[in-house]
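This report goes through one model by its salt bridges, helices, backbone exceptions and a pocket. The sequence and structure come first.

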Amino acid sequence: MKTSILMLTLSALSVGFSAAAEPIKIIQPAKITEPDKVELGKMLYFEPRLSKSGFISCNSCHNLSLGGVDAIPTSIGDRWQQGPINAPTVLNADFMLAQFWDGRAKDLQEQAGGPIANPKEMGFTHELAVKTVASMPAYREKFAKVYGSDVVDIDKITDAIAAFEKTLVTPNSPFDQYLAGDEQAISADAKAGYDLFKGHGCVACHNGPAVGGTAYMKMGLVKPFHTDNPAEGRKAVTGKDSDNMVFKVPTLRNIELTYPYFHDGSVWTLAEAVNTMSDVQTGQQLTAEETTQMVAFLRSLTGDQPQVVLPVLPPSNDVTPRPQPFTN
């Protein structure tokens, strides 16, 4: 009996040490410590009246039914304007070193304020967003409960949205189960694909819990990446020519759901994406079998999607600013 217990203990320790040694880490479920703030943030995340048109919400471009993206090359903004870049997923975004492709926002709260005031996105102003939310007594009651005062300001709005977004993690993927010791959780192709992923050096950029998001890297490291998208990457933030086409490494969690791929949204299939990345980032060509294996591994990174009950938003009233969907 003692021998059996010892063997089980040693086996568990072996699995733990093995998982700890891997470059990809297990995603843990979200721990909600401020449920009222999270609920308020959820309401504001789905609140279209934070936009000039009264139609666009955070969920418009980061649709939680679509893996936290909008599944088009570049997003549709105010008055049908074309966005400048592919919308990154909001799922597991709290694991990122910064937000946006160019990292211009230091955290989720700073990111949440950007689209509201961007004339090509939600087309509003922070002042009007605050006035809109504050006009509704039901919102003021919730702000008073969460923040101790019913005074609404943009910092509280973005803080609440960020609190909700931090809960949007996707644990329990087949690959997480594999890391936890279940050898049968992923297929032989996926295991071979993971070996390729490590052997080809992909883990140098795609590592950690989110399998990316913790570093910046030049797109087209070995060979030029050809695109018509004008985005400059980190250069737009730093002003340095050396940062041209340097972007935040995207997460690969749920990657099968977050097409089209790359900052320009130019690639629609995982097979083409892995071949393009292998070519322009590592200078290596994949065989058809290797492509199948790599794709199988990437599909194993899809975790449990957030189960979100849509909030019921308070009605506008006589003092709520009216939406202007068709005006310049």
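## Salt bridges

A salt bridge joins the side chains of R104 and D102, with 3.1 Å from N to O. The model is a predicted one. R104 is partly exposed, at 43% relative accessible area, whereas D102 is buried, at 11%. D102 is classed as buried because its 11% lies under the 20% cut-off.

In total, the structure holds 14 salt bridges. Among them is the bridge between E34 and K37, whose closest N and O atoms are 3.6 Å apart. Here E34 counts as partly exposed, with 43% relative accessibility, and K37 is buried, with a relative accessible area of 12%.

Another salt bridge is formed by the side chains of E256 and R299, at 3.9 Å from N to O. This pair links distant parts of the chain, 43 residues apart: E256 lies in the loop between β2 (246-248) and α11 (270-282), and R299 lies in helix α12 (residues 288-299). Both partners are partly exposed: E256 has 30% relative accessibility, and R299 has a relative accessible area of 48%. Shared partners also join salt bridges into a network, made up of E34, K37 and D159.

The three bridges described above are set out here.

| Salt bridge | N to O distance | Relative accessibility of each partner |
|---|---|---|
| R104 and D102 | 3.1 Å | R104 43%, D102 11% |
| E34 and K37 | 3.6 Å | E34 43%, K37 12% |
| E256 and R299 | 3.9 Å | E256 30%, R299 48% |

## Two helices with a buried side

Helix α9 (residues 188-199) has 12 residues and reaches 16 Å from its first C-alpha to its last, close to the 16 Å expected at 1.5 Å a residue. Which residues of α9 are buried? They are A190, G193, Y194, L196 and F197. These residues lie on the same side of α9, because they cover an arc of only 160° around the axis. The other side of α9 has the exposed residues A188, D195 and G199. An α-helix has 3.6 residues a turn, so residues three or four places apart point the same way.

Helix α5 (residues 126-134) contains L128. In α5, the residues A129, V130, T132 and V133 are buried. Their arc around the axis is only 160°, so they sit on the same side of α5. Turned away from this buried side is the face of α5 that carries the exposed residues E127 and K131.

L128 itself counts as partly exposed, with 33% relative accessibility. In sequence, L128 and L50 are 78 residues apart, while their C-alpha atoms are 8.1 Å apart in space.

## Backbone exceptions

Most residues other than glycine have a negative phi, and most peptide bonds are trans. The model has places that depart from this pattern.

The peptide bond from Y259 to P260 is cis, and its omega is near -10°. P260 is placed in the loop between β2 and α11, the loop that also holds E256.

A71 is not a glycine, yet its phi is positive, at about 60°. The residue A71 is in the loop between α3 (58-61) and α4 (108-117). Is A71 buried or exposed? A71 is buried, with a relative accessible area of 18%, because buried means under 20%.

N172, too, is a residue other than glycine with a positive phi, near 65°. N172 lies in the loop between α7 (154-165) and α8 (174-179). At a relative accessible area of 41%, N172 is partly exposed.

## The second largest pocket

Rolling a probe the size of a water molecule over the atoms shows where empty space is left. The second largest pocket holds about 390 Å³ of space. It is lined by 17 residues, of which F55, I56, I76, G77 and W80 are the closest to its centre. How many residues of each class are in the lining of the second largest pocket? The lining has 10 nonpolar, five polar and two charged residues.

Terms used
Residues are numbered from 1 along each chain as its sequence is written. This is a predicted model: local features need pLDDT of at least 70, side-chain atom pairs count only at pLDDT 80 or more; totals for chains, interfaces and linings use all residues. Side-chain values use heavy atoms; hydrogens and water are left out. On a 1 Å grid over the protein atoms alone, a cavity is a set of points where a 1.4 Å probe fits but cannot get out, and a pocket is an open set with protein on both sides within 12 Å along at least five of seven lines; lining residues have an atom within 4 Å of a point. Grid points are joined across faces, edges and corners, and a volume is the space filled by probe spheres set on the points. Ala, Val, Leu, Ile, Met, Phe, Trp, Tyr, Cys and Pro count as nonpolar, Asp, Glu, Lys and Arg as charged, and the others, Gly among them, as polar. A salt bridge is a side-chain nitrogen of Lys or Arg within 4 Å of a carboxyl oxygen of Asp or Glu. Buried means under 20% relative accessible area, exposed over 50%, partly exposed in between (1.4 Å probe, protein chains only). Helices (H or I, at least four residues) and strands (E, at least two) are DSSP runs, numbered from the N terminus. The expected span of a helix is 1.5 Å times one less than its number of residues. The arc is that of the directions from the helix axis to the C-beta atoms.
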